[in-house]
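Please keep the structure open while reading.

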Amino acid sequence: MQHCNYTQRRIRKIIMSNSSPNVESLYNKSLNQLCYSMNEDILLNVMKWLPPSISLQIVWKVLRVNDGSEKFIYNHMLPDSELSSINRGREIAQMSLHNSGYTAPVSYRQMSSETHEGFATIQQTKFVDHFNFSNHFDLNLFSKFVDVTNYRSELFTIFQICVQMNGFQFPKQLADEWIKIDIQDNNDNVYVHHIDQGLKLGIFLGDAGWFSECALVLSHTYQIITTKWVCHDQNLKLVKIIQCLTKWLLVVSNYHNFDEAKVVLQHMLQTIGIIEKLEERTLCIAYAYVAVSQYYYVLMEFNEAWSWAVKAVYELRDKSADILKLLVISHAVRVCSVLNKLSTARKLLNQLHTYEKEIDQNIHVDMLLNEACYSLKADLAKDSINSYYIALDSRRNLFGYYNLHTAIVFVDYAYARYVCDYSTTDFNEAMRSILQGIFIMEKIGLPNDNMLLVNAGRIKALILEEKALDIMDRGIDIYIHDGIRDLQADGIKRLLERMKKNMLNEAEALHLKALQVSLQAVGVKALLTAKSYCNLGRLYQSQEKFTQSEKMHLKAIEIKESILGKDNPEVALSLGHLASLYTYQLKKYEEAEVLYLRSKTIYETTYGRQYTGLLYDFQGLVEVYRELNNTEKYNQYTENILRFHETREAWLHEVHTATDENCTKDDLSLEKFKCILNECACDK
C-alpha cells in the first residue's frame with residue numbers, strides 16, 4: 001500500500017506538471033525524479049498504475065538504453081543523421097572493429113563462431129536492468145504498452161532487450177502464454193478483447209522480426225474468430241478476419257513457408273471476394289492486396305504480383321492514412337522493378353520523394369529497400385549501397401543484431417554488393433555480410449531447410465565461386481599466412497589449387513541444397529528452380545564439368561522461356577552464360593554467336609545500350625569473331641566496347657542530374673500515382 005500511495009502521489013505531480021505553463025520541462029523533470037528514486041517495487045507499481053505512455057517512457061529512461069551512445073540513434077529522419085547512419089551501417093557490413101576493443105581477425109578464412117559472437121556482442125543494444133524489468137515483461141504488460149503507438153520504436157527495442165536477457169525462446173514463450181488462455185465466458189466483449197489482444201500480439205511479433213511466432217499467434221486468432229466467436233456484426237467480423245489474414249499471409253510468405261502460405265492465401269481470397277461484393281463498401285483492403293502481391297512476388301510469379309500491386313494502389317482512398325499509401329506505392333515500385341517496368345518505377349519513386357513529412361523509421365527503411373531493388377534492376381547497383389547501410393543500422397537499432405529483419409538486410413545487401421563489385425573481384429564486404437546473415441539465422445534457430453537460410457547459402461556460393469576463381473591471381477596476398485610464403489612455388493600452387501577446389505566444392509553443395517529445397521517447395525517449372533539450375537551451370541563451368549554445365553544452362557533456359565517468354569532479360573542472362581561456356585570451353589563459336597546476339601538484342605530492347613550486361617556480350621562476341629577470323633565483326637565489337645563506356649558514363653550523369661518536371665507537389669496525390677500506372681500522357 002505504501003508503494004501504491006507513492007505512485008499515486010507521483011501521478012498527481014505529473015498531472016500537475018502537464019497543466020503548468022512550462023509543460024515539457026516540468027514533465028521530464030517529474031519523470032527523471034521518479035527514475036532517480038526507482039527500485040524494483042516502485043517500477044512494478046509504475047508499470048501497473050501509471051498510464052501506458054508515461055510508464056513506457058519511464059521504462060525507457062530506467063533501462064538507460066545505449067546511454068546516449070552515438071552508435072545507436074533511433075531517429076534517422078533528421079537530415080543531419082543520415083550520414084552518420086550510413087557510416088555506422090558500413091562498419092556493420094564490413095565488420096569494422098576499430099575503436100571497439102575487439103581485435104579478433106575477420107578474414108573469411110578465420111571467420112569462426114567466436115569471431116562472429118565477439119562482433120555481435122559489440123552490436124547488441126546496451127542497457128542496464130538493475131530492477132529486473134525483463135523478468136516482469138509479460139503478456140499483460142505487453143498489452144498495456146502495445147497501444148502506445150507513438151512510442152512503437154522504443155517498444156521494439158525494449159522487446160529485443162527482453163530477448164537479449166531471456167533468450168531467443170522469449171517471443172515463443174509470449175506467444176504460448178497467449179495461446180494457452182482459455183476463454184470460458186461466451187460474452188461477446190470478452191471474445192472481442194481476446195481477439196484484439198491476439199491481433200496486436202501477432203502483428204507486433206511479425207513487425208519485430210519473429211515470423212514463425214507471429215504466424216503461430218495469428219493462426220490461433222483466426223481459429224477463434226471463425227469457429228468460436230459468435231458475432232452478429234458481419235462488418236466487424238470481416239475487419240478482424242482481414243486484419244489477421246493480411247499479416248499472417250505476409251509473414252508466412254516472407255518466411256518462405258509456402259505450404260502454410262497456400263492455405264492462408266485461400267482463406268484470404270475467399271474473404272476478399274466477400275468484402276468486394278459488399279454494397280456501399282467503406283472498408284479499404286489495399287494492404288490485403290499487398291499481402292497477396294507479396295506472396296506471388298516471393299514465388300517469383302511477378303505478373304500476378306503486379307496485378308495485385310496495381311489493385312492495391314487503386315483500392316486506396318484520398319482519406320487513407322499516409323503510412324498506408326507509402327507502403328502500398330513503395331511495394332508497387334519493387335514489383336514493377338522486377339518486371340523491368342523501370343520507367344514506371346522511376347516515376348513512382350520521383351513522386352514519392354515529394355512527400356516531405358517525417359516518416360516512421362521502420363516505414364522509411366521498407367521504402368529504402370524497395371528503392372534499392374529498383375536501383376539493382378536499373379543497373380544502378382552503387383546507388384543502392386547507402387540505402388542498405390542505413391537499413392542495416394536502423395534494423396540493428398530497432399530489433400537487435402540477432403534478429404531476422406537484420407539478417408535479411410545482410411543477405412540482400414551481400415547480393416547487391418556482389419553485383420556491384422563483380423568488375424573489381426573484391427568480394428570481401430559481400431562475404432562478410434552474407435556470413436553475418438547466415439550466422440544470425442542459424443543462431444536464432446531457423447531450420448536448415450528454411451528457404452531464407454537456403455537462399456543465403458546460395459548467395460554465399462556465388463561469392464565463394466568468384467573468390468575461388470580469383471585465388472590463383474591474388475592467393476598469395478589474400479589467402480596465405482605470412483609463414484607459408486617460404487614454401488616453394490610449386491608448393492604454394494598446390495596449396496592454392498586445393499583451396500580453390502574446396503571453395504568450389506562448398507559452393508556446389510550450397511547450390512545443390514538450394515535446388516533440392518526449391519524442387520520440394522515449388523516444383524520444376526518455377527523461376528526459383530530455374531535460378532538454381534542457372535547457378536549450377538556457372539559453377540560446373542568453373543569446376544570444368546562442362547557437360548553438366550551445358551545441361552544445367554539448357555534446363556534454366558527452358559524453364560525461363562516457358563514462364564517468361566523468349567525475350568525476357570532473365571532468359572538473356574542464361575543465354576549469356578551458355579554462350580560463355582560455348583566460347584571459352586566447348587569452342588562452339590557459331591552457337592555462341594547466335595546466343596550472344598540474341599542476349600544483346602534483349603538487353604538493348606529492355607534496358608538500352610548502357611546496360612552492363614551488354615559489355616559481357618560484346619566481350620564474348622569479340623572472342624568469337626577472333627576465333628572465326630571475322631576481322632570486320634571483330635573490329636566492330638571492339639569499337640562497341642570502347643563506345644560502351646562512354647555511353648554508360650553519359651547515361652549515369654544524366655540519371656543522377658536529371659529532374660522530373662512532371663512531379664507534382666501534391667505529396668501523395670492518388671490521381672498522380674494512378675496516372676503513372678496507366679502510363680497516361682496527361683499533365684495531372
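Leaving aside its neighbours within four places in sequence, which residues is methionine 451 in contact with? The section after the overview gives the list.

## Overview

The model is predicted. The chain has 684 residues, and buried residues make up 55% of them. There are 30 helices in the chain and zero strands.

The accessible surface of the chain comes to about 31,300 Å². Carbon and sulfur atoms account for 49% of that surface. Among contacts between residues at least 6 apart in sequence, 69% join residues at least 24 apart.

## Methionine 451

Methionine 451 lies in helix H22, which covers residues 451–478. Its relative accessibility is 8%, so methionine 451 counts as buried; the cut-off for buried is under 20%.

Beyond its neighbours within four places in sequence, methionine 451 is in contact with His256, Phe258, Val517, Ser518, Ala521 and Leu528.

Threonine 121 is placed in helix H6, residues 113–123. Is threonine 121 buried or exposed? Threonine 121 has a relative accessible area of 53% and is therefore exposed, since exposed means over 50%. Threonine 121 and tyrosine 402 are 281 residues apart in sequence, while their C-alpha atoms are 9.8 Å apart in space.

Asparagine 87 is found in helix H5, residues 82–93. With a relative accessible area of 34%, asparagine 87 is partly exposed. Along the chain, asparagine 87 and asparagine 386 are 299 residues apart, and 9.0 Å separates their C-alpha atoms.

## Helices H8 and H19

Two packed helices are described by the angle between their axes and the distance between the axes. Helix H8 (residues 152–166) and helix H19 (residues 381–399) have axes that come within 6 Å and cross at roughly 70°. H8 and H19 are therefore roughly perpendicular to each other, as angles of 65 to 115 degrees count as roughly perpendicular.

On the H8 side, Ser153, Phe156, Thr157 and Gln160 take part, and they meet Arg396, Asn397, Leu398 and Phe399 of H19. By class, the contact of H8 with H19 has three nonpolar residues, four polar and one charged.

## Helix H26 and its two partners

Helix H25 (residues 546–564) packs against H26 at an angle of about 160°, and their axes are 9 Å apart. That angle makes H25 roughly antiparallel to H26, because angles over 145 degrees count as such. The crossing of H25 and H26 is left-handed. H25 contributes Phe546, Ser549, Glu550, His553, Leu554, Ala556, Ile557, Lys560, Glu561 and Leu564 to the contact, and H26 contributes Glu570, Val571, Leu573, Ser574, Leu575, His577, Leu578, Leu581 and Tyr582. The residues of this contact divide into eleven nonpolar, four polar and four charged.

What is the angle between H26 and H28? Helix H26 (residues 569–584) and helix H28 (residues 612–627) pack at about 25°, with their axes 10 Å apart. H26 is therefore roughly parallel to H28, as the cut-off is under 35 degrees. H26 and H28 also make a left-handed crossing. Gly576, Thr583 and Tyr584 of H26 make the contact with Asp617, Gln619, Gly620, Glu623 and Val624 of H28. By class, the contact of H26 with H28 has two nonpolar residues, four polar and two charged.

## Two residues with positive phi

Most residues other than glycine have a negative phi. Asparagine 132 has a phi near 55°, a positive value in a residue other than glycine. Asparagine 132 is placed in the loop between H6 and helix H7 (139–145). With a relative accessible area of 31%, asparagine 132 is partly exposed.

Glutamate 544 also has a positive phi, about 65°, although it is not a glycine. Glutamate 544 lies in the loop between helix H24 (527–542) and H25. Its relative accessible area is 60%, so glutamate 544 is exposed.

Terms used. Residues are numbered from 1 along each chain as its sequence is written. This is a predicted model: local features need pLDDT of at least 70, side-chain atom pairs count only at pLDDT 80 or more; totals for chains, interfaces and linings use all residues. Side-chain values use heavy atoms; hydrogens and water are left out. Axes are lines fitted to C-alpha atoms, for helices over the stretch in contact, and angles run from 0 to 180 degrees between N-to-C directions. Helices (H or I, at least four residues) and strands (E, at least two) are DSSP runs, numbered from the N terminus. A crossing is left-handed if the near helix is turned anticlockwise from the far one by less than a right angle, and right-handed if clockwise. Contact means heavy atoms within 4.5 Å. Ala, Val, Leu, Ile, Met, Phe, Trp, Tyr, Cys and Pro count as nonpolar, Asp, Glu, Lys and Arg as charged, and the others, Gly among them, as polar. Buried means under 20% relative accessible area, exposed over 50%, partly exposed in between (1.4 Å probe, protein chains only). Accessible areas come from the Shrake-Rupley method with a 1.4 Å probe; for residues, only the protein chains shown count as cover.
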